[in-house]
Amino acid sequence: MNGNFLARHHDQLAAWLRDGEAESLSAFLGAHHESFVLVATDGTLLGLETLRESLRSAGGTQPGLSIQVEDVTSITPEVYRFQERHIVDGSVVGVRVVTAVMKDGLLLSVQETARQ
């Protein structure tokens with residue numbers, strides 16, 4: 001995993017949320033390990049199936065969205081920290097610090113912390 005993987009991964013998510021591109025959702029979800037867990041900014045734990053279900057109906061619901069991945073730091077070969085900036089029509093609407101853990105080339109765990 002590296003910055004290019006992370007940027008592409010978030011581009012796929014943004015394409016799904018922005019345009020409802022089904023192949024983008026498929027590619028995004030395909031990058032997650034079967035044991036994947038997301039710790040959302042509010043502390044909610046989402047497994048892969050819950051994430052899949054929550055995203056299924058979200059296609060095309062965020063017109064103008066892009067997600068920028070910045071300041072990628074490799075903590076170990078399988079743990080990365082980066083900043084994720086959500087932008088809608090040129091305005092920043094959210095910034096998160098994210099820690100991602102990989103296993104077998106797939107995302108195993110992601111923890112998001114909102115920044116003001």
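## Salt bridges and one buried glutamine

Arg18 is partly exposed, since its relative accessibility is 27% (partly exposed sits in between buried, under 20% relative accessible area, and exposed, over 50%, using a 1.4 Å probe and protein chains only). You're looking at a predicted model, where local features need pLDDT of at least 70, side-chain atom pairs count only at pLDDT 80 or more, and totals for chains, interfaces and linings use all residues. Residues are numbered from 1 along each chain as its sequence is written, and side-chain values use heavy atoms, leaving out hydrogens and water.

Let's start with charges: side chains of opposite charge can pair when their charged atoms come close. Here, a salt bridge is a side-chain nitrogen of Lys or Arg within 4 Å of a carboxyl oxygen of Asp or Glu. By that rule, the count is 6 salt bridges.

**Arg18 and Asp19**
- Arg18 pairs up with Asp19 in a salt bridge, at 2.9 Å from N to O.
- Asp19 is partly exposed too, at 43% relative accessibility.

**A pair within a helix**
- Arg52 and Glu49 form a salt bridge through their side chains, with 2.7 Å from N to O.
- These two sit 3 residues apart in helix H3 (residues 48–56), so about one helical turn separates them (helices, H or I, are DSSP runs of at least four residues, strands, E, are runs of at least two, and both are numbered from the N terminus).
- Arg52 is partly exposed at 21% relative accessibility, and Glu49 is partly exposed at 43%.

**A link between strands**
- Arg96 makes a salt bridge with Glu112, and their closest N and O atoms are 3.3 Å apart.
- Arg96 belongs to strand E5 (residues 91–103) and Glu112 to strand E6 (residues 106–115), so this pair ties together parts 16 residues apart in sequence.
- Arg96 is partly exposed, at 24% relative accessible area, while Glu112 counts as buried at 12% relative accessibility.
- Glu84 joins in as well: Glu84, Arg96 and Glu112 are linked in a network of salt bridges.

**Gln83 and its surroundings**
- Gln83 is in strand E4 (residues 79–88) and is buried, with a relative accessible area of 10%.
- Its side chain makes a polar contact with the side chain of Arg115, at 2.7 Å (a polar contact is a pair of N or O atoms within 3.5 Å; within protein, one must be able to donate a hydrogen and the other to accept it, and residues adjacent in sequence count only if both atoms are side-chain atoms).
- Leaving aside residues up to four places away in sequence, Gln83 touches Gln68, Val69, Glu70, Asp71, Val95, Arg96 and Arg115 (contact means heavy atoms within 4.5 Å).
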